[in-house]
Amino acid sequence: MYPEHQQATKLFQSLTCCCELQGTMRFQKTPGGDKLRDLIAFMRAPAAKGTKEFRLAVKSWQAIQAKAAGDNAPEADPRLREEKFQCGHMLSIYWETAGRWAFMRAKRDAVALRTPLYLIQAADRSEPRMPRDVATKLMNHYNPHETGNMHSLLGVHLGMRVRLLELLDKAHGVVKNAEGVVVRVEIDPRDQEAVDAVAAAGDASTQEIYLRHLPLGIWLQLDKYTNAPFAKAITEDEPEACATLRAASLYFLPPMTTTTPFTWREFAVHRTAFLMMCAAVRTPTACQGKTLSGGVVVDCARRESGPHPTDEDDWWLHMYVMLSRATSLDDLLLLRAPDADFLLRGPPADLRARLALFDRRVRDTSAKAEAVARSLGFAVTTPA
């Protein structure tokens, strides 16, 4: 368990009073929102087969299953072509999927925006020197959290929505998973000729530009950042332009080098690259606490064999997190979904035990609070 998780557990266990969240504003106030809320509630406390609740849950589950997982299949689900899913969010348990999706999404969006896609390769230095065949395998490794929180090959285009993979400036909100939009890529002068050639060719929507050198930096417009050091000067000189550009939210992200090397096989590797990725693609860990409006495509696949199979309880937790990020049943599309019997599993046994313990603490602290309220002369109504 991570140190921050241990600290959070100690803090939670030290609480003498419990507050229970009995509702959420995440789900839309529509039939689709109501159905998703009921499906999530069923997952937490499933009813037996044959009941009305089970039949409704199965109907909802079948409605969000994709007919086929691949775009190229003749029978592929036509909903995959709908704008809300093309421009929405993509969730997967594994980086083998998320990494591919991130690059695919960047390429698709660049074509839609008719802007070139910059291919930015990380610069690695290893001890001892890495053979080319091993370096090639490292370049194809998808999980950035195992390679210094940086992707080996990053697809970037203007207008791309990204999220940061590391904390950079806590005081001003430039934290891990902070989101923003790419507004400019400062090309290394040695790559300018290749970029100019694409501009001269005319149709940028089909162009991929492989940059042979890392850009000098990438300008982002961050959602929750208002501390650009030059904003005051721009406001004084060009107040209208500053308001239009939202200059105070501009952040210059330079390439960064890992302070400590990561281990790849028998090699110690220092990587220089950019601490960001496509914001539309997430794993369950990165989407906790998020409300994802619009279409949400979920890859439900799990490892059942190999050296690291996914435990069924872990699988349930991942699925629960990913499904509960959407706001409506109409906005969910499940690839490689399990049968509806999956819904009958319910939470893992240890989680059910913790929830029962929490319920007891809620009842105990509620009784204490009511006693204090009555002693102060307040009228207390006990819920049925």
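**Close-up views**

**View 1. Asp109 touches Gln86 and His157, not counting residues up to four places away in sequence.** Contact here means heavy atoms within 4.5 Å. This is a predicted model: local features need pLDDT of at least 70, side-chain atom pairs count only at pLDDT 80 or more, and totals for chains, interfaces and linings use all residues. Residues are numbered from 1 along each chain as its sequence is written, and side-chain values use heavy atoms, leaving out hydrogens and water. Asp109 sits in helix H5. Its relative accessibility is 16%, so Asp109 counts as buried. Buried means under 20% relative accessible area, exposed means over 50%, and partly exposed lies in between (1.4 Å probe, protein chains only). The side chains of Asp109 and Arg108 make a polar contact of 2.7 Å. A polar contact is a pair of N or O atoms within 3.5 Å; within protein, one must be able to donate a hydrogen and the other to accept it, and residues adjacent in sequence count only if both atoms are side-chain atoms.

**View 2. Helix H5 covers residues 95-113.** Helices (H or I, at least four residues) and strands (E, at least two) are DSSP runs, numbered from the N terminus. H5 has 19 residues, and at 1.5 Å a residue it should span 27 Å. That expected span is 1.5 Å times one less than the number of residues. The end C-alpha atoms of H5 are 26 Å apart, which agrees. Buried residues of H5 include Trp95, Trp101, Arg105 and Asp109. Also among them are Thr97, Gly99 and the alanines Ala98, Ala102, Ala106 and Ala110. Just after H5, Arg114 takes a positive phi of about 55°.

**View 3. Ser152 lies in the loop between helix H6 (132-139) and strand E4 (153-156).** Ser152 has a relative accessible area of 2%, so Ser152 is buried. A polar atom of its side chain lies 3.1 Å from the backbone oxygen of Leu138. The Ser152 side chain also makes a polar contact with the side chain of Arg271, at 3.2 Å. Which residues does Ser152 touch, not counting residues up to four places away in sequence? They are Ile120, Gln121, Ala122, Leu138, Met139, His141 and Arg271.

**View 4. Strand E12 (residues 267-273) has six of its seven residues buried.** E12 is therefore largely enclosed by the rest of the structure. Strand E3 (residues 123-127) pairs with E12 in the antiparallel sense over five bridges. Two strands pair if DSSP finds at least two bridges between them. Within E12, Ala268 is the bridge partner of Glu127. Strand E10 (residues 256-257) also pairs with E12 in the antiparallel sense, over two bridges. There, Met256 stands opposite Ala273 of E12. Strand E11 (residues 262-264) and E12 are antiparallel too, with three bridges. Phe262 stands opposite Val269 of E12. The hairpin of E11 and E12 has two residues between the strands, and Arg265 in this hairpin takes a positive phi near 55°.

**View 5. Four strands form an open sheet in the order E14-E1-E15-E16, with parallel pairing.** Strand E14 (281-282) and E16 stand at the edges, each with a single partner strand, so one side of each is left without a neighbour in the sheet. Strand E1 (residues 89-92) runs parallel to E15 and is joined to E15 by four bridges. Met90 has Val297 as its bridge partner in E15. Leu91 has Val298 as its bridge partner in E15. E15 and strand E16 (residues 332-335) pair in the parallel sense, also over four bridges. Here Val297 stands opposite Leu333 of E16.

**View 6. Strand E15 (residues 296-299) points Val296 and Val298 one way, and Val297 and Asp299 the other way.** In a regular strand the side chains alternate between the two faces of the sheet. All four of these E15 residues are buried. E15, helix H11 (residues 312-323) and E16 make a right-handed β-α-β unit. A crossover is right-handed if, with the strands pointing away from the viewer, the path from the first strand over the helix to the second runs clockwise.

**View 7. The chain as a whole has 12 helices and 16 strands.** Of its 384 residues, 42% count as buried. Among contacts between residues at least 6 apart in sequence, 74% join residues at least 24 apart. The chain exposes about 22100 Å², and carbon and sulfur atoms supply 54% of this area. Accessible areas come from the Shrake-Rupley method with a 1.4 Å probe; for residues, only the protein chains shown count as cover.
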